[in-house]
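Here is a short report on how two chains meet and how they are related. Look at the sequence and the structure, then read on.

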Protein chains: 2
Amino acid sequence: MIGIDWGTSSFRAFRLGDDGAVRERRAASRGIMSVADGKFADVVHEFAGDWLKDGETQILLSGMIGSRQGWTESKALPCPASIDDLAQALTPVPFDGAQVFIVPGLFTHDADGVPEFIRGEETQIAGLLPVIGDSGLVCLPGTHSKWVQIESGRIATFTTYMTGEAFAALSKHTILGRLMKGDDVDEAAYLRGVERSADAGGLLHHLFGARTLVLAGEMSETATWSYLSGLLIGHEIRSASTTYPDEVVHLIGEPHLCELYAHTLHIYDCEAVVREEEAAVLGLAHIGGLVQWN
Amino acid sequence: MIGIDWGTSSFRAFRLGDDGAVRERRAASRGIMSVADGKFADVVHEFAGDWLKDGETQILLSGMIGSRQGWTESKALPCPASIDDLAQALTPVPFDGAQVFIVPGLFTHDADGVPEFIRGEETQIAGLLPVIGDSGLVCLPGTHSKWVQIESGRIATFTTYMTGEAFAALSKHTILGRLMKGDDVDEAAYLRGVERSADAGGLLHHLFGARTLVLAGEMSETATWSYLSGLLIGHEIRSASTTYPDEVVHLIGEPHLCELYAHTLHIYDCEAVVREEEAAVLGLAHIGGLVQWN
């Protein structure tokens with residue numbers, strides 16, 4: 001089987017053995033935003049054409065490739081959903097010479113009835129479930145951080161925080177960015193930002209403090225990047241810890257970011273474990289193993 | 001006397017009578033950021049040179065002209081501070097043919113010890129004090145919204161929210177901006193955003209909802225601009241109402257924005273009154289009347 005984790009900005013293809021092990025892998029900056037005129041099949045032929053010629057006939061895709069901007073819009077299943085539910089709701093994509101399916105995304109609602117979506121993370125969770133077991137809390141930090149609750153072996157619900165994208169916009173396009181000198185990590189400033197997130201006044205007030213601390217000579221300009229990072233991640237974790245209390249947090253994603261979140265969670269007296277970075281391919285193998293291929 | 005309200009992006013000069021009334025006014029896009037090589041005196045000559053030739057010898061400046069990036073860095077007084085305190089702590093600026101002073105800014109600390117600064121708003125408050133009286137709460141909404149507490153006729157403390165600037169960065173430089181179609185005001189969407197700010201999950205979570213509501217078909221793309229605006233202003237007002245409870249809010253600033261804040265405050269059952277838009281010139285006249293000019 002060929003598994004492809006195909007996101008907005010990245011394309012990662014894996015040739016998997018019958019045991020689910022990765023035999024070969026390819027990565028390219030061919031995220032769906034880089035593919036013009038819907039020519040997704042051409043990208044598959046370019047990066048996996050030799051595997052197809054060598055006899056592969058099964059392709060499983062996950063990620064934003066199943067969004068409205070992708071190849072074919074895949075289903076979105078309601079939570080709670082099991083891995084079996086995912087495997088039974090694949091969306092077929094017409095393709096010459098192989099069977100192609102896209103893993104569905106999931107939707108849920110937060111406590112106040114506002115909708116939530118994931119697309120791609122459900123496959124990463126599927127890859128992690130064997131080590132998490134029947135229940136647990138998974139955090140996938142990043143541009144749109146996701147906190148996913150596992151119950152009875154199913155994805156029960158999840159919450160998104162726009163932390164990474166808000167950080168990028170605020171650090172590049174506000175007066176805070178003009179203060180910033182460099183993006184060196186300053187551990188003490190990061191922790192100061194995390195602590196600040198617990199203060200009164202809310203995020204919009206706290207943001208301005210990154211400027212006034214510098215104006216007052218109480219923080220160096222080189223520290224503002226880390227302070228803002230700590231402030232935003234602190235707000236995310238503080239809120240998520242309220243929504244999902246008393247849980248061990250399993251972290252999946254870019255290793256450096258996961259370590260940072262684990263470190264921050266420990267400040268909040270939460271248990272945190274950094275898990276498999278390559279959860280997507282594990283999930284593709286897991287789901288692919290449940291599919292009735294022709 | 002000549003009063004000049006000189007901010008980051010705007011320059012407004014007033015020729016005042018002995019009674020403090022405005023006799024003439026000039027405005028230009030000559031904020032301090034537009035003035036190269038510190039040539040602030042040239043701008044004064046360009047826009048008020050005829051007044052000087054006509055016998056004016058007293059110039060009082062307020063706003064960012066007194067910042068490190070301005071003409072001369074003026075003092076910052078600690079709170080609480082009275083209008084007399086401001087008038088007695090003016091910073092002189094060398095200038096041929098007239099006495100020039102800059103009104104000091106103010107500083108304070110929030111409940112958690114983080115510094116706060118204002119520069120310019122103290123003069124607007126000075127203009128409003130005769131109608132507010134000895135105590136009250138003033139809100140100056142905008143890029144960096146200020147909430148200022150008046151006690152015993154003095155400026156007691158204040159809090160800043162980076163609401164306007166965060167809105168600009170998030171609406172132009174995130175996925176929310178790519179959703180937005182136009183900036184038409186949608187009253188219902190604005191109120192929906194305000195109400196959302198009271199929900200659980202925090203601002204970073206609420207931001208993402210502006211996207212998911214559209215994805216789920218529960219909100220139109222044209223509504224996202226107003227929804228985000230209501231969300232951020234709601235967060236600001238909700239936090240400020242906690243910091244400064246049970247107060248009538250006097251609003252100073254751009255009339256449309258003040259009306260929007262007043263409307264929103266009424267939702268929170270707060271009393272709100274939109275006050276004089278031209279508080280700055282009233283404050284310059286008030287402070288100028290207390291100065292011992294040569």
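## A helix under cover

A residue counts as buried if 20 or more other C-beta atoms lie within 10 Å of its own. The model is predicted. By that cut-off, α8 of chain B is mostly covered, with 16 of its 20 residues buried.

Helix α8 of chain B runs over residues 224–243. Its first and last C-alpha atoms are 29 Å apart. That is close to the 28 Å expected at 1.5 Å a residue.

## The contact between the chains

How many residues does each chain bring to the contact? Chain A gives 41 residues, and chain B gives 41 residues.

On the side of chain A that touches chain B, these elements of chain A give two or more residues: β9 (115–118), β12 (154–161), α4 (163–173), α7 (203–215) and α8 (224–243). Which of them gives the most? It is α7(A), with nine residues. By class, this side of chain A holds 19 nonpolar, 14 polar and eight charged residues.

## The symmetry

Two copies of a chain are related by a rotation about an axis and a shift along it.

Notes: Residues numbered from 1 in each chain as written. Chains lettered and ligands numbered in written order. Predicted model: local features only at pLDDT ≥ 70, side-chain atom pairs only at ≥ 80, totals over all residues. Helix = DSSP H or I, 4+ residues; strand = E, 2+ residues; numbered from the N terminus. Expected span 1.5 Å × (residues − 1). Buried ≥ 20, exposed ≤ 12 C-beta atoms within 10 Å, placed from the backbone. Contact = placed C-beta atoms within 7 Å. Nonpolar A, V, L, I, M, F, W, Y, C, P; charged D, E, K, R; others polar.
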